[in-house]
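Subject: Structure handed over, with notes

Dear colleague,

Below you will find the structure I promised to pass on. Please open it beside these notes, which go through what was found in it.

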Amino acid sequence: MVEIALGTALAAIGAGVAIGFAGLGSGLGQGMAAAGSVGAVAEDSEMFSKGIIFSALPETQAIYGFLIAILLLVFSGLLGGGAGLSTTAGIVAIGVGASIGFAGLGSGMGQGIAAASSVGAIVEDDEMFSRGIIFSALPETQAIYGFLIAILLMVFGGILG
Amino acid sequence: MADEITSILETIGITPETFIVFMIVVIMVVGAIVVIVTTRPILDIYPYLNPIAKVRARKGRLFSEKQITEIVDANNTGEVVNYLRGFPDYAPYLDNYSLDKALDIQLADTYDLIYRIAPKEIKKSFKIMSKKTDIYNIKSLIIAKEVGFNADETRDLLIPSGSMYDNLEALVDSDNITSIVTALDGTEYGSVLEDALPKYEETNMILPLEAALDNYYLKNLLASTEVPADENKQILFSYVGTQVDIANLKLIIRAKEDGLDYNTISSYILSDGYQLREWKLKDLMESQDVSNIVSSLEGTKYANILSDALAEYTEKGNVSVFEKALDSYLAKSANSLALKKPLGIGPIIGYVSKKETEIRNLKIIARAKREANYPASKIMEMLI
């Protein structure tokens, strides 16, 4: 059996929380946006490209979660075989995962709802496209906050560097 | 730090492995709670997203006020048809049918579409709405036999749509109204019409048969929404209930205008409504005249609407002013309900209501354009 330090094991939990919850939010959001887009494309085939744009928007939360998870796995020594993390740093890693995980969950779902609504508005009135993009981009900020805090926690919590 | 945590854990008799398992369990429990709490509203929204996009696409294709004005400015029915041919929603129908029939089929297909795409929880109500076409066709058959139309003339009245069209088309050769009712035995309308048949035979008027069909439709529609389990169904209940109340009000007003008494009216009306419950309807039916109906409505949402129309009624002496006021109210009410749940039933109700209004307005325009030199300003006044 591979020997894993307690801190590294805790960081693995953090990585799981990061991509797990961010991916859940992103998936739900993307599902909602795609459901709306399919309905729009069924009525107006020219909506395909716009539908793709709005369906792709909630992808970013999963990317943030994935990035943080990879960083945690690499810097905790789980990937690449580096030195393991201390228990304290491992606990910080759970905070890192929770930060981007939960922020990504809320942000992804919110963005999905806004994107699905925007698709509905655009298929009714084409001039709503730019306004729809702005409204749909707003819930991105929560994921950015979560991502920033996750990075700061890693830098000042002894995981990065 | 790690040593301190380890020693604390050891003091309370927990090994580091047990602690990790505990942490995992805590995270899983917290995660499960977060997932359940956050996804519940999403699950309510999810079934509506696809239908909403479809109806909003169609709503975007409805005629604007400017386009309606352009149609009103047409010189005759031919120009109206040519104008409508420029729109994909109407063009295919106009290639095969007359203007009125094309509009009827378009509306019937709209009900059918909404029934097909509506989420499961509200499907039943829209299925009942889609039966309007069958009821219209049965009524047309009855009217055709009443006035003595031949098979071709009768067929011309039917809307070639609805789940029973083939069966109903086969009845255009029926000898009389009784044989139509007999032929419908075994369908959901069989017993409804059979119950009203003695009254028809007694009075020799088709009104009891028509009223029985209307009441059957409205009763089923109201019953389909009577358990408003969530906000979507509450909104639907409000929309459908208002339709039932307005249908009852229109019938009572027209009956009072014709001087009918309580006993006569009560057999044609749906005994219970939404805001206008049984006792209120009894009050209204017992009113002496139309003005008394308006004062009896005090305290309901219909009082102001009809009070505003009362002056015009006194001036013109035509109850159609009340009917127009009630139709406008229904359209406004549907519009405000449509805004209540933008990620739920709202856009669906908004679209159905606007489509009904558009078709009704186009029919008004088509009828007016058949008369030479009918003033555009008068047509605009008649529109809802």
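I begin with B:D230, which is found in the loop between α13 (207-223) and α14 (231-257) of chain B; here helices are DSSP runs of H or I with at least four residues, strands are runs of E with at least two, and both are numbered from the N terminus. B:D230 is partly exposed, since 13 other C-beta atoms lie within 10 Å, where a residue is buried if 20 or more other C-beta atoms (placed from the backbone) lie within 10 Å of its own, exposed if 12 or fewer, and partly exposed in between. Its C-alpha atom is separated by 9.4 Å from that of B:D44, although B:D230 and B:D44 are 186 residues apart along the chain.

Before going further, please keep in mind that this is a predicted model, in which local features need pLDDT of at least 70 and side-chain atom pairs count only at pLDDT 80 or more, while totals for chains, interfaces and linings use all residues. Residues are numbered from 1 along each chain as its sequence is written, and chains are lettered from A and ligands numbered from 1 in the order in which they are written.

Staying with chain B, helix α7 (residues 120-130) has among its buried residues B:I122, B:F126 and B:M129, and what covers the buried residues of α7(B) includes α6 (99-117), α8 (132-147), α13 and α14 of chain B.

Further along chain B, helix α19 (residues 320-340) and helix α20 (residues 346-369) pack at an angle of about 155 degrees, with their axes 7 Å apart; axes are lines fitted to C-alpha atoms, for helices over the stretch in contact, and angles run from 0 to 180 degrees between N-to-C directions. The two helices α19(B) and α20(B) are therefore roughly antiparallel to each other, a term used for angles over 145 degrees. Among the residues that meet there are B:A331 and B:L337 from α19(B) and B:I349 and B:T357 from α20(B), where two residues are in contact if their C-beta atoms, placed from the backbone, lie within 7 Å. The residues of this contact divide into seven nonpolar, five polar and one charged, with Ala, Val, Leu, Ile, Met, Phe, Trp, Tyr, Cys and Pro counted as nonpolar, Asp, Glu, Lys and Arg as charged, and the others, Gly among them, as polar.

Turning to chain A, you will see six helices and zero strands, and of its 161 residues 62% count as buried. Along its principal axes the C-alpha trace of chain A spans about 60 × 30 × 20 Å. The axes of helix α4 (residues 87-124) and helix α6 (residues 140-156) of chain A come within 7 Å and cross at roughly 170 degrees, and that makes α4(A) roughly antiparallel to α6(A). The residues of the contact of α4(A) with α6(A) divide into eleven nonpolar, eight polar and one charged.

Leaving aside its neighbours within four places in sequence, A:L72 is in contact with residues including A:A11, A:A18 and A:V96.

Finally, how do the two chains meet? In this model, 30 residues of chain B are in contact with 30 residues of chain A. On the side of chain B that touches chain A, α1 (2-11) and α2 (16-60) each supply at least two residues, and α2(B) gives the most, with 24 residues. By class, that side of chain B has 21 nonpolar, five polar and four charged residues.

With best wishes

Key: Parallel < 35°, antiparallel > 145°, perpendicular 65-115°, else oblique.
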